[in-house]
Amino acid sequence: MSGLRYVYAVCRPFQATLPAQLTGVAGVPPKLLTHGDLVAVVGTVAEQDFAEAPLRAHLEDLEWLSATARAHQAVIDALTVVTSPLPLRLATVFRDDSGVRTMMEAREEQFQRTLDRLDGRVEWGVKVYAEQTGVVSAEKRTEMPEPAGKPSSGRDYLRRRRMQNRSHEDMRVQADEYAHKLHGTLSAHAEGARVHAPQNAQLSQSPGVNVLNAAYLVPRSESEAFVELVERTKDDVPGIRVELTGPWAAYSFSGLDDAGEEGS
């Protein structure tokens, strides 16, 4: 194959076949590259797009980045159906097959150790959002009713602002307490848990304030019970929204942030 090698994931050999119509980055179907007891799932990409300099420029292009991420994720999703892949980060690129094999050989022990941990497991994502209104308890809403009409003076305006700020603080405290309790419950039913930084509201375009952005490593056989556990909590508190996503390949538990070197 000519061109650079784009690596989606490393996994152990598997018998199932990927969908015939599956395409990845640049519209190219992924291929399996075997080296010893490991398999790299790779595609071919053009050097004019994925060599170091053009890739750096492309990563600043949100439209290109979004399309590439979707194609990358499509391959990972297909792999997750048939095996437990160890996904590599977006745009992990090597000069040729030899470079991919060298990477697998150099990191074989780490890959095998991580694959042992991920075998038969998937990642579930849980996000908790505090809506802009409705979180404060009925008692507190009674104590601090919404002011009606326009402020009668500067002092009245400042008083109303203090009331609104206090209401927002109460909302955030209640949401944080709920998220902390939920995370403890879900962690007890998972083999691993990771808390990520809250999502940026402007980027995610999700309403409300993200107070929990967590991932949980769950055996496939226990995923149904885990989903039911999350579903039972979703309407516990008015004004708090719980979002469940998955099952995903275990990105948050791969421990391979530096698994590849672009352009090597």
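Trainee: In what sense do S1 and S4 pair, and over how many bridges?
Mentor: S1 and S4 pair in the antiparallel sense, and 2 bridges join them; two strands count as a pair if DSSP finds at least two bridges between them. In S4, Leu86 is the bridge partner of Val10. Strands (E, at least two residues) and helices (H or I, at least four) are DSSP runs, numbered from the N terminus.

Trainee: Before we go on, what kind of model is this?
Mentor: It is a predicted model, in which local features need pLDDT of at least 70 and side-chain atom pairs count only at pLDDT 80 or more, while totals for chains, interfaces and linings use all residues. Residues are numbered from 1 along each chain as its sequence is written, and side-chain values use heavy atoms, without hydrogens and water.

Trainee: Back to S1, then: how many bridges join S1 to S5, and over how many does S1 pair with strand S3?
Mentor: S1 and S5 run antiparallel and are joined by 2 bridges, with Arg5 standing opposite Phe94 in S5. The pairing of S1 with strand S3, residues 38-45, is also antiparallel and extends over 7 bridges; there, Leu4 has Val45 of S3 as its bridge partner.

Trainee: And how many residues of S1 are buried?
Mentor: In S1, 8 of the 8 residues are buried, so the strand is largely enclosed by the rest of the structure. Buried means under 20% relative accessible area, exposed means over 50%, and partly exposed lies in between (1.4 Å probe, protein chains only).

Trainee: Where does Leu88 lie?
Mentor: Leu88 sits in the loop between strand S4 (86-87) and strand S5 (93-94), and it counts as buried because its relative accessibility is 1%. Leu88 and Val10 are 78 residues apart along the chain, yet their C-alpha atoms are separated by 7.4 Å.

Trainee: Which residues does His72 touch?
Mentor: Leaving out residues up to four places away in sequence, His72 touches Tyr6, Tyr8, Val25, Leu88, Arg89, Leu90 and Tyr251, where a contact means heavy atoms within 4.5 Å. His72 belongs to helix H3, residues 62-82, and with a relative accessibility of 3% it counts as buried.

Trainee: Switching topic, in what order do the 4 strands of the open sheet come?
Mentor: The order is S7-S8-S6-S9, and the pairing is antiparallel. Strand S7 (192-195) and strand S9 (240-248) stand at the edges with a single partner strand each, so one side of each has no neighbour in the sheet. From one strand to the next, the twist averages 20°, with axes taken as lines fitted to C-alpha atoms (for helices, over the stretch in contact) and angles running from 0 to 180 degrees between N-to-C directions.

Trainee: What packs on that sheet?
Mentor: Helix H5, residues 108-118, packs on the sheet and touches S6, S7 and strand S8 (209-219), and the direction of H5 makes about 70° with that of S6. As for strand S6 itself (residues 121-130), it runs antiparallel to S9 and is joined to it by 7 bridges; one example is Gly125, which has Thr245 in S9 as its bridge partner.

Trainee: Is the peptide bond from Gly246 to Pro247 cis or trans?
Mentor: The bond from Gly246 to Pro247 is cis, with omega near 0°, and Pro247 is part of strand S9. Most peptide bonds are trans, and most residues other than glycine have a negative phi.

Trainee: Is phi of Ala91 positive or negative?
Mentor: Ala91 has a positive phi, near 65°, although it is a residue other than glycine. Ala91 is in the loop between S4 and S5, and it is buried, with a relative accessible area of 1%.

Trainee: What about Ala26, is it buried or exposed?
Mentor: Ala26 counts as exposed, at 62% relative accessibility. Its phi is positive too, about 65°, although Ala26 is not a glycine, and its place is in the loop between strand S1 (4-11) and strand S2 (31-35).

Trainee: Last one: how many helices and strands are there in the protein chain?
Mentor: The protein chain has 9 helices and 9 strands, and 41% of its 264 residues count as buried. If you take the contacts between residues at least 6 apart in sequence, 80% of them join residues at least 24 apart.
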